[in-house]
Structure formats: C-alpha cells, structure tokens
Amino acid sequence: MSQTIGKTRLAYSRTWHHLNVGTDPRPLGRLASQIALVLMGKHKPIFDPSTDCGDYVVATGCNDLHTTGKKREQKKYYRHTTRPGSLKEITMDKLMQKWGGSEILRRAVSGMLPKNRLRKPRLARLKTFEGQAHPYKKNILQFSGHKSITEMPEVKAAISAQTPVKAE
C-alpha cells in the first residue's frame with residue numbers, strides 16, 4: 001500500500017496574501033523580509049530550498065511606504081551598463097517620485113531573495129500597487145468575511161476550549 005505523506009498537491013497549492021503597506025507600522029526592511037519569507041514558502045511545513053512552494057503577495061498602498069532615519073534623502077540605488085563611466089545613481093526620494101513606492105518595495109524584496117534560478121518567478125508573484133485598488137480581490141482567501149481562519153469566532157472558541165485549565 002503506497003501513501004503519500006506530506007508533500008501532496010494540496011500542500012503545494014499557492015494562497016494569496018494581502019498586505020496594506022500604508023497602514024503597516026513596520027519599516028521597509030522588516031516588511032520586505034516578511035514578504036520574502038512568504039514568497040519563498042518558508043512559512044509552510046513542506047519548505048524545500050530547491051523547490052518553488054511560495055505564495056502570492058499583494059501589497060497595496062505602496063505610496064505610503066514607511067522608512068526610518070534619513071533614508072529618503074540619503075539612500076542611493078545604483079545601476080551600471082558595464083560600459084566605462086556609466087555608473088548611475090538615484091536617491092530613494094527621486095526613485096519614489098519617478099517610479100513610485102512599489103518599485104522601492106520590489107527592489108528591497110529582490111535583495112532579500114536568494115540569488116538563484118528561482119528568484120525571478122518568486123518575485124513575479126509579488127504584486128505591488130500604489131493605491132488601495134487591485135484586480136486580485138477575488139483571489140485573496142477569506143473565511144466568512146474574515147482575513148484569517150483564526151479570526152473566526154468558531155475557531156477562537158475551539159482554541160480557547162482546548163487550552164488546558166490549571167488544577168489547583
């Protein structure tokens with residue numbers, strides 16, 4: 001009798017996570033590292049570095065990106081065309097004006113993903129938007145109007161019923 005334990009097709013199914021960057025109090029780096037973990041699939045028990053088992057992330061409100069210190073004026077992004085003298089630099093503030101906060105978030109997440117053949121497909125599952133509107137509302141998983149299954153009253157009641165009571 002053969003049974004597959006663990007790595008089934010259901011375990012590899014991709015879910016959609018919504019993240020409102022404008023209301024999240026975390027700075028850019030901490031936000032990007034959490035997004036990178038979800039894109040890689042490290043939150044799943046079947047995680048394997050050589051397989052692509054991550055989920056989708058929809059980040060909205062990127063125009064209200066939160067940074068600490070003077071990074072807006074001092075942090076610089078570099079690019080080079082491999083020709084002599086073609087090193088270009090742009091500050092975060094100018095990049096924000098030119099391309100928006102979604103490009104800054106995408107570059108931060110890209111720097112936190114492993115540099116291998118899975119980087120581009122993982123980064124393609126990050127969907128960033130400047131405003132709150134996005135076309136993926138139907139894909140984001142909701143349980144009876146709740147964002148997470150742990151927010152449902154039935155699940156909260158079941159969890160509280162399972163907690164052991166200390167005997168005196």
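User: How do the residues of the second largest pocket's lining divide into nonpolar, polar and charged?

Analyst: Four are nonpolar, three polar and one charged. Here Ala, Val, Leu, Ile, Met, Phe, Trp, Tyr, Cys and Pro count as nonpolar, Asp, Glu, Lys and Arg as charged, and the others, Gly among them, as polar. Quick caveat: this is a predicted model, where local features need pLDDT of at least 70, side-chain atom pairs need 80 or more, and totals for linings use all residues. Residues are numbered from 1 along each chain, and side-chain values use heavy atoms, leaving out hydrogens and water.

User: Why are Trp 16 and Tyr 56 called stacked?

Analyst: Rings of Phe, Tyr and Trp (its six-membered ring) pair if their centres lie within 6.5 Å, and planes under 30 degrees apart count as stacked, over 60 as edge-to-face, the rest as tilted. This pair has 4.2 Å centre to centre and 5° between the planes, so stacked it is. Trp 16 lies in strand β1 and Tyr 56 in strand β2, so the pair ties together parts 40 residues apart in sequence.

User: How do you know that β2 pairs with β5?

Analyst: Two strands pair if DSSP finds at least two bridges between them. β2 (residues 56-60) and β5 have three and run parallel; Ala 59, for one, has Thr 128 of β5 as its bridge partner.

Methods. Helix = DSSP H or I, 4+ residues; strand = E, 2+ residues; numbered from the N terminus.
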